[in-house]
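Student: I would like to go through the terms used for this structure. For each one, please set the value against the definition and then conclude.

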Amino acid sequence: MKEIKFRAWHKEERRIIAYEDIVSLFFVGSNGINEKIEDGSRYRFYERNEIELNQYIGFKDSQDKDIYEEDYVEAYRYGQRIIGLVTWDYGLCIKDIKRDQETDEEVQFYSDGVLNFRWDELSMIGNRYENEL
């Protein structure tokens, strides 16, 4: 059974709130998260419009790090380095990010990560919030 956990990106403070620091998620009513602060005896509430939630996808990378939605991963296929963004699009996939050398425009294509990669062969190298590629 896949472990269900989330992390959050705080839009204004521009920081990741780790799974370990999220005390509770609210999807009805107040709709947000509680983050534990300092020694864990106090909490801060953030409304849903202040954060973006990313779900753990149930796989770890080659360094045993959890992989979440919106993480950048690196893999090598047929000797070519591929950097992709983990996302959901009709199922879990890696959206490969490449640059057209003539126009410098982003060229994207989708590949089914489960069929084309073993998750434990990937390296998580950052996320779209904290790392610009």
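Tutor: The charged end of Lys 5 sits over the ring of Tyr 19, 5.1 Å from its centre. The model is a predicted one, in which local features need pLDDT of at least 70, side-chain atom pairs count only at pLDDT 80 or more, and totals for chains, interfaces and linings use all residues. Numbering starts from 1 along each chain as its sequence is written, and side-chain values use heavy atoms, with hydrogens and water left out.

Student: Why is the pair of Trp 9 and Tyr 129 called stacked?

Tutor: A pair of aromatic rings is described by the distance of the centres and the angle of the planes. Rings of Phe, Tyr and Trp (its six-membered ring) pair if their centres lie within 6.5 Å; planes under 30 degrees apart count as stacked, over 60 as edge-to-face and the rest as tilted. By this rule the count comes to three aromatic pairs. Trp 9 and Tyr 129 have 4.9 Å centre to centre and 10 degrees between the planes, so they pair and are stacked. Trp 9 is in strand E1 (residues 6-10) and Tyr 129 in the segment after strand E12 (123-127), 120 residues apart; strands here are DSSP runs (E, at least two residues), numbered from the N terminus.

Student: How do you know whether Trp 9 and Tyr 129 are buried or exposed?

Tutor: Buried means under 20% relative accessible area, exposed over 50%, and partly exposed in between (1.4 Å probe, protein chains only). Trp 9 has 5% and is therefore buried. Tyr 129, at 9%, counts as buried too.

Student: Why are E3 and E4 said to pair?

Tutor: Two strands pair if DSSP finds at least two bridges between them. E3 and strand E4 (residues 32-37) have four bridges in the antiparallel sense, so they pair. E4 and E5 are joined antiparallel over six bridges.

Student: Which residues stand opposite each other across E4?

Tutor: Ile 22 stands opposite Glu 35, and Phe 26 has Gly 32 as its bridge partner. On the E5 side, Glu 35 is partnered by Arg 44. Five of the six residues of E4 are buried.

Student: What makes Ile 22 buried?

Tutor: Ile 22, in strand E3, has a relative accessible area of 15%, so it is buried. Not counting residues up to four places away in sequence, Ile 22 touches Phe 6, Arg 7, Ala 8, Ile 17, Ile 33 and Asn 34 (contact means heavy atoms within 4.5 Å).

Student: Why are Arg 14 and Asp 64 called exposed?

Tutor: Arg 14 has 56% relative accessibility and so counts as exposed. Asp 64 is exposed because its relative accessible area is 56%.

Student: What is the phi of Arg 14 and of Asp 64?

Tutor: Most residues other than glycine have a negative phi. Arg 14, in the loop between E1 and strand E2 (15-17), has a positive phi near 55 degrees. Asp 64, in the loop between strand E6 (51-60) and strand E7 (66-68), has a positive phi of about 65 degrees.

Methods
A charge sits over a ring if NZ of Lys or CZ of Arg is within 6 Å of the ring centre and within 35 degrees of the ring normal.
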